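Dear colleague,

Please find the structure below, handed over for your review. A short account of the findings comes after it.

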Amino acid sequence: MRNLTDRRVVLGVTGGIAAYKAVEVCRRLVDAGAHVIPVLTESACRMVGPPTFSALASERARTSLFDDPGSSIPHTELGQSADLIVVCPATARVISDLRSGRSGDLLTATLLATRAPIVVCPAMHTEMWEQVSVQENLSVLAERGVVIVSPESGRLAGGDLGEGRLAAPERILAAVSAALAGGSTADYAGRRVLVTAGGTREPIDAVRYIGNRSSGRQGHAFAAEARSRGADVVLITTSPETAPDDVDVVDVASADEMAQACSVHAAKADVVVMAAAVADFRPAEPVDHKLKKSGGVPQIELVPTLDILAGLGAVKPERQILIGFAAETDELESNAAGKLDRKNLDMIIANDVSKPGVGFEHETNEVVVLTAGGARQHLPLCDKRDVARYVLDAAIGLIERQSDNQEQT
Ligand code: CTP
């Protein structure tokens, strides 16, 4: 996230309980090189004291329109000089004010007095989050170009569980970085991304196959995210789900067909994301007609399929980023780390598919991302698109590091 260096970021903090998490976001923005100016609402000050933010940020925390000793018109100075404003957490109140153009305090006045991109990170109880009025306000803001970092599901204040918890700091930073890169992130422009998706189907006879529960949604989310960031995307998929617009789709069914298609497209790719659930075994001799009951219970001999990802790892071009998945039910991280190493990957996304809402057949995922360099990141239950966003950010980081190393040698 080098594009945060020296950028003036106004960090608006409103009075939700998640205000304490804004302290961590503040610290991470500063660590990433941003010049951070916290602006706290009156209610935010009841949650976390301004001195905490002043100590961590690049400038003292601002709290009022009127008693700022350094400026008589603080909102225009802040709004005009900001490269970006991020509101974290954003309560239903500030979302509504921003939508309707109301400015009752320093933060809302600054939000009106700016032409800089705005990133809003809502956090509230599930009932509030689901209110039609809140959702409508957010859609209007999104249409106007405000970036909304959707909240996650999890534990909320008061011990409740549900959607509405502030997004993880890494997602907020990724959104800030993307918005600074020009609203629409074009960080993959000119790069080729190959994605595989869905569960393979290994024929038994003319009508039956061995399959698995993979929906292909995670792979399709990767393809959509990469395309939206400017990549040329090839999607090799078994999934009947509609593919994202403007990607090259190669429809396949079996592991063999997927391996064939990968061998055509992988060498040219800058990033390969192997999200498909490839069968490890297939019937040795599929028959080309329908097996009849009258023939008795069939004995189906299985033989191993090719491990496509291990094959790609063995011939990986020097600057390619190779990303695999590990679908596990036990010993998630040690199994994933073994696959990362054995298959010569740069990154592996491990998910415990026995957990509710995780992996196969769900819209959501909870993953741990491990890199060959030893980094580890847990992403709590979130949209599959958010997983794709995080991983593609991390992959760009690896690509940039490779280029830096290349320049130095
Ligand atoms: N994979 C592959 N070809 C296979 C099997 C798996 O390319 N024949 C890829 C998957 O797409 C995934 C990664 O390897 O990115 C790990 O897949 P997973 O099913 O979790 O592990 P396996 O290697 O099959 O090992 P195990 O069955 O022992 O868990």
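Predicted model: local features only at pLDDT ≥ 70, side-chain atom pairs only at ≥ 80, totals over all residues.

Residues are numbered from 1 along each chain as its sequence is written, and side-chain values use heavy atoms, leaving out hydrogens and water.

Helix α1 (residues 19-31) and helix α9 (residues 169-180) have axes that come within 10 Å and cross at roughly 50 degrees (axes are lines fitted to C-alpha atoms, for helices over the stretch in contact, and angles run from 0 to 180 degrees between N-to-C directions; helices are DSSP runs of H or I with at least four residues, and strands are runs of E with at least two, numbered from the N terminus). The α1 helix is therefore oblique to α9 (angles under 35 degrees count as roughly parallel, over 145 as roughly antiparallel, 65 to 115 as roughly perpendicular and the rest as oblique). On the α1 side, Glu24, Val25, Arg28 and Leu29 make the contact; α9 contributes Pro169, Glu170, Ile172, Leu173 and Val176 (contact means heavy atoms within 4.5 Å).

An open sheet of 8 strands runs in the order β12-β11-β8-β13-β16-β17-β18-β19, with mixed pairing (two strands pair if DSSP finds at least two bridges between them). Its edge strands, β12 (248-251) and β19 (376-383), each pair on one side only. From one strand to the next, the twist averages 15 degrees. Strands β17 (residues 347-352) and β18 (residues 364-371) run antiparallel and are joined by 4 bridges; Ala350 stands opposite Val368 in β18.

Yours sincerely
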